[in-house]
Each structure stands twice: as C-alpha cells, then as structure tokens.
Amino acid sequence: MGITGRRHQEIYDVIGIGFGPSNMSLAIALEEHGESSPEHPVTSHFFERQPQFGWHRNMLLPSTTMQISFLKDLATFRNPLSRFGFISYLHAQNRLVQFVNNHDFFPTRQEFHQYLEWAAAGLDDKVTYGSEVTAIRPVFEAGADTADLLEIELRGSDGATTVVTARNVAISTGLVPRLPDGMAADERVWHSSEFLSKFHQHDAADLKSVAVVGAGQSAAEITRFFHDALPHAQISAVFPSYGYSVADDTPFANQVFDPAAVDEYYYGTDSAQDAFWRYHRNTNYSVVDADVIRDLYKRSYDEQVRGTQRLHFRNLTRVTDVKRAGDETRVLLRSTLDESSEELAVDAIVFATGYDGVDPAHLLGDFDRHFERDAANKHRVERDYRLVSAAELTCGVYVQGGTEHSHGLSSALLSNIAVRSGEIADSIVMRRTERELDRLGVAEEASSAV
Ligand code: FDA
Ligand code: NAP
C-alpha cells in the first residue's frame, strides 16, 4: 500500500525516512507496541527511495560474511519473542536445524540480506518504496508560538511531489560514501558503495589492470573478488598502512557495541569517550576480518611460489590524483616511505575509502537553525536520539545513525538497532502521553476558572 494524492490528510505519530535495517527495526518496535496497546497504537509510515528493499546490494560479494552475530537482528535484543527475529526467519525457511548444524554465528551477507527481505515483506503495508524525502519543515499554526507538527515533502518515482504530516520523524538515511578530496566518480572511477553495478557495466575481459584503494573490510573484500573474477588481470591494492590490520572482535573489546555501552559513552566524561575511540576504533574502522587477511596473503604467497605475481600490495601509499581522458585512467601514487611518486595506468579504480555519517541538515534546510549544535558543530542529541531543539518545537526529529559523537561506536552499525529503536518508540509514546496530559491539565484549569 502506498500514499497517493497531492496531500495526505492523516497526521502520523511518526514518519520514517529510509527503510534500511534501522527504520525496519523501528517499524517492528512500533508494531509490537501496538499489539501490546491496541487501544492507543502509534501511527507510522516509512518512505524509501529505492524501488524495492535492498541493503548494500553493491557489496553483496560471494562468500562475504556478517560482522555481527545473527542474534543482533532487527528485534531479538529488544524482544526475543518477536516474529521478526532471525530464528523465526530460519524456521519459516525450514532451515533452523541445518543452520544450527553449521555451527556459525556469522551468516553470509547473502543470507542476512534474504532475512531482511523476508522481514521487509512482512512490513509491506508500512512502507512506500520509490519515494525520496526531499525536505522536512515545521508547521506553525496561525497564532501558535510552538510547532507541534512537521511537513515531510516526498518525491515519487514519477517525479510528483507529495506532502505528509507527522508529529515526529525518524531519519535513518544511512552512510554517505566518501571519496578523497578532489576525486570524482565516473564509469572508471568507482566508490565501493556502487561496486557491483559498476563492475557489471563492463566486460570483465576489458578490465586488465585494476586498483583498489583502502585497507578496510570493503577494500580487502573487493581485492579478493577481483582476484577471483578477473583471472587475467593485474590487481593493485593501494593502502596507507604497512599491512592490513585485523578487526578486533574479541569479547572484551566487543562490549563497546553492547546496549549498556551507549549509556557509558553518552554520560561519560570527555576522556572516557576519548578512550572508546583511542582503544577501540580498531573494532570497526580501517580494519579487516582475520580470515580475509589470511586468504589474501595466501593468494599472494601462492603466486610467489608459482612465479606469476598479479596481486600487488602497494603499502605505505596514498592516491593523490586520478587523471581521466576517455578510456584512459592514470592514478598518481605517493609513497610515504620515501615520498616518491609513481603513475599507474588502470582500466578501473575502486575507492574503498569509507563513509561519513548521516547529517540531517540536508533534509532540514533552513529548519536546521532550530536545532542546537555542540562545540564541534555536531548536532546535540538527547539520550532518546531526539535532536535537541529550541523550546518552540514540540514535534520531534529523531536520528538513527550520525550519532557517534553522542552515543558511541555502535551508532553506524547493526549491533544495537533493536534496542535503539525500542528506546525511540518508547520516547515517542512517552512524549505523546505527556503532551496529552498537558492538554488535559490546561482544559481542566480552564473549566475550573469558569
Ligand atoms: P542503511 O544505509 O542500511 O539504510 C538507509 C536507507 O535510507 C537506504 O535504503 C536508502 O536508500 C534510504 N534513503 C536515504 N536517503 C533517503 C531519502 N532522502 N528518502 C528516502 N529514503 C532514503 N554493520 C554491522 O553491524 N554488521 C555488518 O555486518 C555490516 N556490514 C556492512 C557491510 C557493508 C558493505 C557496509 C557498507 C556497511 C555494513 N555495516 C554493517 C554498517 C551499516 O551501516 C549497517 O549495516 C546498516 O546498513 C545501517 O542501517 P541503516 O538503516 O541505518 O542504514
Ligand atoms: P573504512 O573502514 O573507513 O576504511 C577506509 C580505508 O580507506 C582506510 O584504510 C583509509 O585509510 C583508506 N583511505 C582513505 N583515503 C585514502 C587515500 N587517499 N589513499 C589510500 N587509502 C585511503 O571503510 P570500509 O572498509 O568501507 O568499511 C566501512 C564500514 O562498512 C565498516 O563498518 C565495515 O565493517 C563495514 N563493512 C562490512 C562488510 C561486511 O559485513 N562483510 C563489508 C564491507 C564493509 P586510513 O586508515 O588512513 O583512514
């Protein structure tokens, strides 16, 4: 079911922007709230710009695995009895027994994607696909000095604009691909987020020399993929470190992704917050799973034994420029070892150079000035993920993602989404009740004054 027409009259309690795992998890939390409180459900709808559900489809490479336990799914940590848990999915597929026999906490990304598609199908009446949110505005009713409502502007796949109204929005628009300064993507210069679609636009036989930039999980997975998919090609892996560093997923370090760590980070001192990053950034950023590192090294060693090296690891090296002319792509490399420069001709280059977090400002536009920022110019965010706003706003803007500065390392990951979306759902319900009580109080005062 989708919303049609130029202006939809219903006022929703919450509109979700984006329908990736974070907002799917919120849709489930709200649905389960409605089941336990049918007389007073939270009305919601979600808008997703993709034409159908998809989770980082361009990185669904063969054999890649999840970096979290299957139990960190859309619901289990909040409600182990949810019908949207990974175990319910396995049961529905008649694969629960086989999954357990497989003794593996980390499903393939392919299987997790199928799980998410299955969950999305179960939420179909809650989402409109092919609908991009382009703006959020407050509604100041005539004579009112507070805005209780928001208008959300949408662009459909036919280009038509629609406006819907809600008391709250939950912005979960995901990560923003990052290219090094001065680089621009085109048909031969790709960011890892568009990898498979760009790869399939080319005849593999024409890709005789390729380069992959970066030393994170994306770079290592793409380098391995190229080695399999382009058996004739020279593959250069360009990265600034000496070697790939291992992603620390040992149990003590992994606790930084626990729900309890969010409180410790949020209420922690500056030096406690700094310690999270200083000691544990290597749980996620610029790091690679140990099995992928070993696999790449083994491939390189086998080539040395055979005397046919086509995997080239250019460590201590950064890409400083890319020159494009027609089909020609020349990459300028700078070694930090001796500051020497070198030019490399490639048929395609992939920047697996990471992502930035969500910044809601691009959707808020002029409305953004109603929200407070900290000394580093980041949005101030309440513990319940609501942007801190000026007093004249009683409507709420919630964010899922883009809160590493306030809520810590799990912000951009799946680890905590079930608990986080439960906290957002509780906050929406609690604030709605408070507003209703306030209104009742005002009405009572007025009637007793008569
Ligand atoms: P996500 O990006 O998934 O979804 C956002 C959605 O919003 C998208 O569907 C987008 O189309 C939509 N959208 C954006 N703007 C919109 C607009 N204006 N209007 C409407 N829709 C809009 N983490 C982890 O914990 N374990 C893991 O194994 C992995 N694996 C992984 C692999 C790869 C390749 C990447 C790049 C990242 C991961 N991650 C991860 C981290 C990743 O951030 C996380 O898995 C989720 O994608 C976060 O879910 P979200 O819903 O917040 O964003
Ligand atoms: P990332 O971890 O941020 O790594 C980016 C890499 O690019 C870093 O090594 C960075 O080096 C390097 N880089 C940046 N600019 C460069 C330049 N000019 N020249 C050379 N190198 C440069 O990004 P990611 O690998 O895409 O990972 C992002 C998220 O996605 C992580 O959460 C990761 O776990 C997740 N992911 C998961 C899977 C999976 O589940 N299987 C797969 C892929 C990604 P510096 O160290 O100097 O910054």
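1. Strand β4 gives the most to the shell around ligand 1, with three residues. The structure discussed here is a predicted model. Both β4 (131–139) and α1 (21–36) supply at least two residues each to the shell of ligand 1. In total, 28 residues surround ligand 1, and the closest are Ser22, Glu48, Trp55, Ala412 and Leu414. By class, this shell around ligand 1 comprises 13 nonpolar, eleven polar and four charged residues.

2. The side chain of tryptophan 55, one of the closest residues, places an N or O atom 2.9 Å from an oxygen atom of ligand 1. For glutamine 67, a backbone N or O atom lies 2.9 Å from an oxygen atom of ligand 1. Serine 172 has a backbone N or O atom at 3.5 Å from an oxygen atom of the ligand 1 molecule. On its own, ligand 1 has 990 Å² of accessible area, of which the protein covers 91%.

3. Ligand 2 is surrounded by 22 residues, with Gln67, Ser218, Glu221, Asn284 and Arg318 the closest. Nine nonpolar, ten polar and three charged residues make up the shell around ligand 2. Gln67 also has a backbone N or O atom 2.9 Å from an oxygen atom of ligand 1.

4. A polar backbone atom of threonine 65 is 3.0 Å from a nitrogen atom of ligand 2. An oxygen atom of ligand 2 lies 3.1 Å from a backbone N or O atom of glutamine 217, and a polar backbone atom of alanine 352 is 3.4 Å from an oxygen atom of ligand 2. Taken alone, ligand 2 exposes 930 Å², and the protein buries 82% of that area. The elements giving two or more residues to the shell around ligand 2 are α6 (217–229) and β12 (317–325); α6 gives the most, with three residues.

5. How do the axes of helices α8 and α9 cross? The axes of α8 (residues 259–266) and α9 (residues 270–280) come within 8 Å and cross at roughly 130 degrees. The two helices, α8 and α9, are therefore oblique to each other. In this contact, Ala261, Glu264, Tyr265 and Tyr266 of α8 meet Gln273, Phe276 and Trp277 of α9. By class, the contact of α8 with α9 has five nonpolar residues, one polar and one charged.

6. Arginine 431 is located in helix α13 (residues 417–449). Its side chain is joined to that of glutamate 382 by a polar contact of 3.0 Å. Not counting residues up to four places away in sequence, arginine 431 touches Glu382, Asp384, Arg386 and Tyr398.

7. Two loop residues deserve a comment on backbone geometry. Most residues other than glycine have a negative phi. Serine 286 has a positive phi, near 55 degrees, and lies in the loop between α9 and α10 (290–306). Glutamate 339 likewise has a positive phi, near 60 degrees; its place is in the loop between β13 (328–335) and β14 (341–346).

Technical notes:
Residues are numbered from 1 along each chain as its sequence is written. Chains are lettered from A and ligands numbered from 1 in the order in which they are written. This is a predicted model: local features need pLDDT of at least 70, side-chain atom pairs count only at pLDDT 80 or more; totals for chains, interfaces and linings use all residues. Side-chain values use heavy atoms; hydrogens and water are left out. Axes are lines fitted to C-alpha atoms, for helices over the stretch in contact, and angles run from 0 to 180 degrees between N-to-C directions. Helices (H or I, at least four residues) and strands (E, at least two) are DSSP runs, numbered from the N terminus. Angles under 35 degrees count as roughly parallel, over 145 as roughly antiparallel, 65 to 115 as roughly perpendicular and the rest as oblique. Contact means heavy atoms within 4.5 Å. Ala, Val, Leu, Ile, Met, Phe, Trp, Tyr, Cys and Pro count as nonpolar, Asp, Glu, Lys and Arg as charged, and the others, Gly among them, as polar. A residue is near a molecule or strand if one of its heavy atoms lies within 4 Å of it. A polar contact is a pair of N or O atoms within 3.5 Å; within protein, one must be able to donate a hydrogen and the other to accept it, and residues adjacent in sequence count only if both atoms are side-chain atoms. Accessible areas come from the Shrake-Rupley method with a 1.4 Å probe; for residues, only the protein chains shown count as cover.
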